[in-house]
Amino acid sequence: MNRHLLSAADLNHDDALLVLDTAAELAALTDRAVKKLPTLRGRTVVNLFYEDSTRTRISFEAAAKRLSADVINFSAKGSSVSKGESLKDTALTLEAMGADAVVIRHPASGAPDRLAHSGWIGGSVVNAGDGTHEHPTQALLDAFTMRQHLAGGKGDLAGRKVTIVGDVLHSRVARSNVLLLATLGAEVTLVAPPTLLPFGVETWPCSFSFDLDSHLTSADAVMMLRVQRERMNAAFFPTSREYSRRYGLDVRRMNLLPDHAIVMHPGPMNRGMEIAADVADSERSVIVEQVTNGVNVRMAVLYLLLAGAQLGEPDGSDRTAEGTAS
Amino acid sequence: MSAARTPDETRTVLDSDDIARALTRVAHEIVERTKGADDIVLLGIPTRGVYLANRIAERIHVIEGRDIPVGSLDITLYRDDLRRAPARALLPTTIPPGGIDDKIVVLVDDVLYSGRTIRAALDALSDIGRPRMVQLAVLVDRGHRELPIRPDYVGKNIPTAKTEKVLVHLVEFDGDDAVRLSGEPGEGS
Amino acid sequence: MTTYVIRGSRPLAGSNVDIVISDGVISAMGTDLVVPADATEISAHDHIALPGLVDLHTHLREPGREDAETVRSGSQAAAAGGYTAVCAMANTNPVADTAGTVEQVWRLGQQAGLVHVQPIGAVTTGLEGTQLAELGAMADSAACVRIFSDDGKCVHDAVLMRRALEYVKAFDGVIAQHAQEPRLTEDAQMNESALSGVLGLRGWPAVAEEAIIARDVLLADHVGSRLHVCHVSTAGSVEIIRWAKSRGIDVTAEVTPHHLLLTEELVRSYNPIYKVNPPLRSERDVHALREALADGTIDVVATDHAPHPAEDKDCEWAQAAMGMVGLETAVGVVAEAMISTGLMDWAGVAQRMSVQPAVIGRLAGQGRPLAVGEPANITLINTDVPHLVEPRALRSASRNTPYAGRSLPVSVWTTFYQGELTLNEGVLVSQANQAGGSA
């Protein structure tokens, strides 16, 4: 494993399985009376959240605390961050406080990379969602959930068909899922109106389509992405009615799925927009389970990044050469 | 007294028959000392401790005609040396259905050395439940304890030098049964 | 004035000659010259002698952002980079949209005295794109403004652009357009490409530049005006300009050194030192730009020297300012991208970095041939000593160079501005004097 988890692309096949297997062992342990493990005693994990995301923050906080780490929550609201303190100065403060890991959520794509590679801090950096870039622990918990339902809780996801539907353009969840699911051998199809697929999507390790119905009958899992109604104002689609008619998962569409297929959503959901309430609450929906698995997966990530020896940084630090035309 | 060995050379100290005899003796001792092994649970420490626990349970079954609950107890998350190496993969922890509360738990491991593994195992146990008593069975005690820990059942005491390595092979995992020594015997062997 | 003799340099990489400078002009050139006894000898054996470089696109930040650059610090950076003239962009605070402001900048340049500082006037008041600034007043001012640009912003209103193109014909002016369709580039962070999709950064599509260039060359054709296109960055733009020139449209174009060398791959690091507008593009674009510069489709290299204080780059990508300093590395980067690759020779560099920019900017006394009687604006390039770029060694008040740690193949060795040494063996003469004075 790398020292940081910034992108799902940081995980090769072995790394990804190690995280999932570790999460599975940890899940078995959390059934017991004493949930706390002493493993990260004396280590400090900082949750540095520049965006409101109570769900993700609580999930990381629970994960760190179950491993006995000291947790410091640093939220942009009401702190010096909102008074104009720079990411750099905040990072230097955290470093002075002895943070062993910084879990960062930030509205700017690449902010976790900046934190990890600028020399401002020495600890591990975990990306808890950056802008429209990535959200690797969400992809890990999604893969964990799929593995529980579709692969007997073991091994990878070779040959499983996953349909990801919605605002791929603005979705960090979709980017991380495409990368991780490809690493795990799944066949991913992105379905969205052409306006909500990123430029260059044809180079991604997945296929894509503009038609939802034709990608439901053979899907093992269908993941609905949140679509903000405001996108309508930027002309990504005409109206929210038209969007949900063409790309929403309603009961009719759910019934096209094979019996074993599961319905996922990273939350928070827009019921009635991308997913009908009846679908969100149906037996196929594993949305609540995704939340539970989130804690175990994040424990696994923190354990693997923090419990062992801190190794030298194996990232390509010679970045100067690669962007030069020859 | 061994003749001069090169560090690469290995010396077999227990062969397959020796191991079988040792485990049979340990099984008898457990039955004897726990007065019939009525409420014992064998917890092996992965990886090889689990196979040894299963073998001991089979032998007790032969002696007493009863199934003995066997589980595995991974101590990775409780180790005190995690920071000395890259993070390790976790191994399974499985507690038999009856649990461990008020039972006699016999921890089973292949080699007893510094005692730190057993210290971690005791910590792990206390997060799972409250046994009436905890005992320790090992195939090999090689000495050099760093903590006040003592085994209750020993397959074989093998005096070693700290520079030596004790290699335990079990059929279930390694394809053969043997305990070998390798490395420099050095002082105090 | 001091008399100098430059020994053994090679004008435009030709044969070795000596050059005598007295009273601000080249008074003799050749071998075995009779040189006045009091002449200061400049040893320049095998150094390439070029006419002093002219930058059509420099941000000097004064007035308003003196923390990033001043006219003086920018002049020092220019002299160190081999420049004898720089054209100061209008997007200062206040904007250079009145005769008063351009004259202020012009005067500050005179006071610094290291290069000719030629102010550029804004096309529209406050760069707001709604009302023409007093272009004539700026043209008639002491600063003699001939280039007008809203650089940093595009004159996107087609009617306003047409009027500006027409209006400046009265005083032989030129509109230098920052070609960027604003709606297509709202909150744009990097080149729109497969990479921007992966990195989750809002894309700046090539079409946003090309659409404006296409419109503007047609407008220039229609009204018979002169158009200059700033910092061309895409292969498509090159095609449009090539087509326009083939039609006889009076358009000129510039490319920055960084667009000749760097690609969007650098953005993978999310290090804002590589954030610039227009953004770094693909390798294909870089090669098209190099070819266009070599064949003359692109007329000049202009630095778009854009100093920013450290805190504006030491942050997240999205929050960071756009731009790179470029004056002190331009020659080295052009040598690497164009000379080392065999696409251009030093005579070509003289054309693209001195002669043509002076013609486009109507800068008298700049970009002149190295010949007896011509103004002594001369740059000597040492091709034996590479330039290891060290941000702290830059003379600019800002350090935002994307070339830190990189070795560029040549060094700017000596610069003469109007017959006076401004840079001697890589050391600014004013600094050397200060050091000598305190000794």
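Reader: Where is the place of C:P94 in chain C?
Author: This is a predicted model. In it, the peptide bond from C:N93 to C:P94 is cis, with omega near 5 degrees. C:P94 itself has its place in the loop between β7 (83–88) and α2 (99–112) of chain C.

Reader: In which loop does C:P278 lie?
Author: Look at the bond from C:N277 to C:P278. This peptide bond is cis, with omega near -5 degrees. C:P278 lies in the chain C loop between α8 (257–261) and α9 (283–295).

Reader: Is C:L127 buried or exposed?
Author: C:L127 is not a glycine, yet its phi is positive, near 55 degrees. The residue lies in the loop between β8 (116–119) and α3 (135–140) of chain C. A residue is buried if 20 or more other C-beta atoms lie within 10 Å of its own. C:L127 has 22 other C-beta atoms within 10 Å, so it is buried.

Reader: Does B:D102 count as buried or exposed?
Author: B:D102 has a positive phi of about 65 degrees, although it is not a glycine. Its place is in the loop between β3 (70–72) and β4 (104–112) of chain B. The cut-off for exposed is 12 or fewer C-beta neighbours. B:D102 has 12 inside 10 Å, so it counts as exposed.

Reader: Which element gives the largest share of the side of chain A that touches chain B?
Author: 17 residues of chain A are in contact with 15 residues of chain B. On the chain A side, α1 (13–29) and α10 (287–306) are the elements that give two or more residues. The largest share, 6 residues, comes from α1(A).

Note on methods
Residues numbered from 1 in each chain as written. Chains lettered and ligands numbered in written order. Predicted model: local features only at pLDDT ≥ 70, side-chain atom pairs only at ≥ 80, totals over all residues. Contact = placed C-beta atoms within 7 Å. Helix = DSSP H or I, 4+ residues; strand = E, 2+ residues; numbered from the N terminus.
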